[in-house]
Amino acid sequence: MLSSRRGAPTIGGGDEEDPTSTADASSASAEEPKTHPPATLTACLASYSRSLLSRSTIPPSFSSHCLAISLFVAFLFSLLALSLLLRFTRPVPCIPPYDPLARSVHFTRRLEGLASDFGSLGVPWCRSKQGRSVDWTPGDLIKALEEFVPIYETRPIQNNMYGMGFDHSFGLWFMARWLKPDLMVESGAFKGHSTWVLRQARPEVKIISLSPRHPEKYLKKGPAYVDPNCTYFAGKTFVDFGSVEWRKVLVQHGVKDFSKVLVFFDDHQNELKRLKQALKAGFRHLIFEDNYDTGTGDHYSLRQICDQSYVRGGGHSCFRDGDEARIRSKRKKFWDKALEIDELCGKEEAWWGVRGYMRDDFNHSNKAISYAEHFQNSRFVESVLNVYWELPPVAGPSLTHQTRYDPARATDPIVEDGRYALFQRLGLGKLDSSVFNGYTQMVYVEISP
Ligand SMILES: C[S@@+](CC[C@H](N)C(=O)[O-])C[C@H]1O[C@@H](n2cnc3c(N)ncnc32)[C@H](O)[C@@H]1O
């Protein structure tokens, strides 16, 4: 049964306990017997207790000497406690987490040191009809990560340039496994890496793959993956997703219920167009690989559509002397894909889509849209959404060393900056840093008319 409701037995349930905190605690207690107070203090305490036992009076000079040493040691302990506190706690600013302006002002002072500041420039989020969300938890994601790393290491296409990297491979595998579809449809296969990921998630389930060029063509030049239990509409038999007679094709694959099919799009087509096509056909569960942020990418995405001034974390100010402009210009120095305000805003301050354009088909086509049209698109999307969930980045950039996407426009990562021990324990430290560079807010949506 394909459902995002909670209760997948294979992945265990919702344990958000930090696995490293236990390890840290046990190593701290193992250190305890080795630590002793300074010898002079010991002498003071011993002498003081002896004097209490013998009910003798302590000489005043000796007692003030002891007091001074005790105060000094207490001071040292306080310093140690304070430094540990600063090391293991994150700052908790008293500002709304997704209010871009408030966060911008707050973080301006921190930018010189440039902590990752996840979400500090706003994370627009598509609103769903009933406000439902997914039922997997950060704890589920962490457990699954540990399982996925060794699988990922066996991928046939080790260097999948122009295709999915680690974050999205994990997201696709995790969701396909959790949702347990009876059939998986993929639009945009390239050399077949995502087909391989889907296969790892559901070994017995049939796949339908649509791609203009058959992945087997790539085998002549290097590694590629061709799945033995996949129907390919590719090469000469290629049909675009929007032109397939889906009811007929599903019946041929022994599936009648569209809600048991997972559709994965990595074909760089306008996502509004794909959403409408999928809805018309009757599909319910969709994943979009490249959910590009406003101002970026080669097709109109759900993230762009839902970036609206009325949405928390959404909307932009093209004011050149404003906070957003100032912060963007600083972040540009650190993150390849961060945008300056001039790159974000086109003619007449059009910031929606990409500088006021709705792109499609690898930007082979694009169309200027008015703000009113952009607004209507968002209202339409909201009217058919049951669930909208963006995959978080796998880990913070201080761990992955990725330098491309700007964390200021992303949700908090699964493994937060500073959690080095967890990052290593999950096996993520073994992977080449280049595999963490391709994060573009992969999104899962559940839709209905
Ligand atoms: C970014 S690649 C896909 C990467 C792949 N999913 C992976 O994980 O490596 C985009 C693919 O979409 C294909 N494509 C282009 N137009 C398409 C269409 N209309 N329908 C399906 N695929 C299309 C391209 O030929 C290309 O193979």
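Guide: Let's start at D240, where a polar side-chain atom lies 2.9 Å from a nitrogen atom of the ligand. That is a polar contact, a pair of N or O atoms within 3.5 Å; within protein, one must be able to donate a hydrogen and the other to accept it, and residues adjacent in sequence count only if both atoms are side-chain atoms. Backbone atoms take part too: a polar backbone atom of G188 is 3.0 Å from a ligand nitrogen, and a backbone N or O atom of F190 lies 3.1 Å from a ligand oxygen. On its own, the ligand has 600 Å² of accessible area, and the protein covers 88% of that. Such areas come from the Shrake-Rupley method with a 1.4 Å probe, and for residues only the protein chains shown count as cover.

Before we go further, please keep in mind that this is a predicted model, in which local features need pLDDT of at least 70 and side-chain atom pairs count only at pLDDT 80 or more, while totals for chains, interfaces and linings use all residues. Residues are numbered from 1 along each chain as its sequence is written, and side-chain values use heavy atoms, with hydrogens and water left out.

Now widen the view to the whole shell. The ligand has 21 residues around it, and those that come nearest are N160, G188, S194, D240 and D266; a residue is near if one of its heavy atoms lies within 4 Å of the molecule. The shell holds 8 nonpolar, 9 polar and 4 charged residues. In this count Ala, Val, Leu, Ile, Met, Phe, Trp, Tyr, Cys and Pro are nonpolar, Asp, Glu, Lys and Arg are charged, and the others, Gly among them, are polar. Helix α7 (193–201) and strand β2 (206–211) each supply at least two shell residues. Helices (H or I, at least four residues) and strands (E, at least two) are DSSP runs numbered from the N terminus.

With 27% relative accessibility, F190 counts as partly exposed; buried means under 20% relative accessible area, exposed over 50%, and partly exposed in between, using a 1.4 Å probe and protein chains only.

Next, look at I157, in the loop between α5 and α6. I157 is buried, with a relative accessible area of 1%. Leaving out residues up to four places away in sequence, I157 touches K191, G192, H193, P223, A224 and Y225, where contact means heavy atoms within 4.5 Å.

The largest nonpolar core has 50 residues, and W136, F166, F170, V415 and L428 touch the most other members. A nonpolar core here is a set of buried Ala, Val, Leu, Ile, Met, Phe, Trp, Tyr and Cys residues joined through side-chain atoms within 4.5 Å. Among the elements giving two or more residues to this core are α5 (138–153), α6 (166–179) and α7. The largest share, 9 residues, comes from α6. A second, separate core of 46 residues includes I208, W246, L344 and V384.

L428 lies in the loop between α16 and β9 (443–447), and at 0% relative accessibility L428 counts as buried. Its contacts, not counting residues up to four places away in sequence, include L145, F166 and V415. L145 and L428 are 283 residues apart along the chain, but their C-alpha atoms are separated by 8.6 Å.

Finally, step back to the whole protein, with its 16 helices and 9 strands. Of its 449 residues, 50% count as buried. Among contacts with a separation of 6 or more, 70% join residues 24 or more positions apart. The accessible surface comes to about 21,700 Å², and 58% of it belongs to carbon and sulfur atoms.
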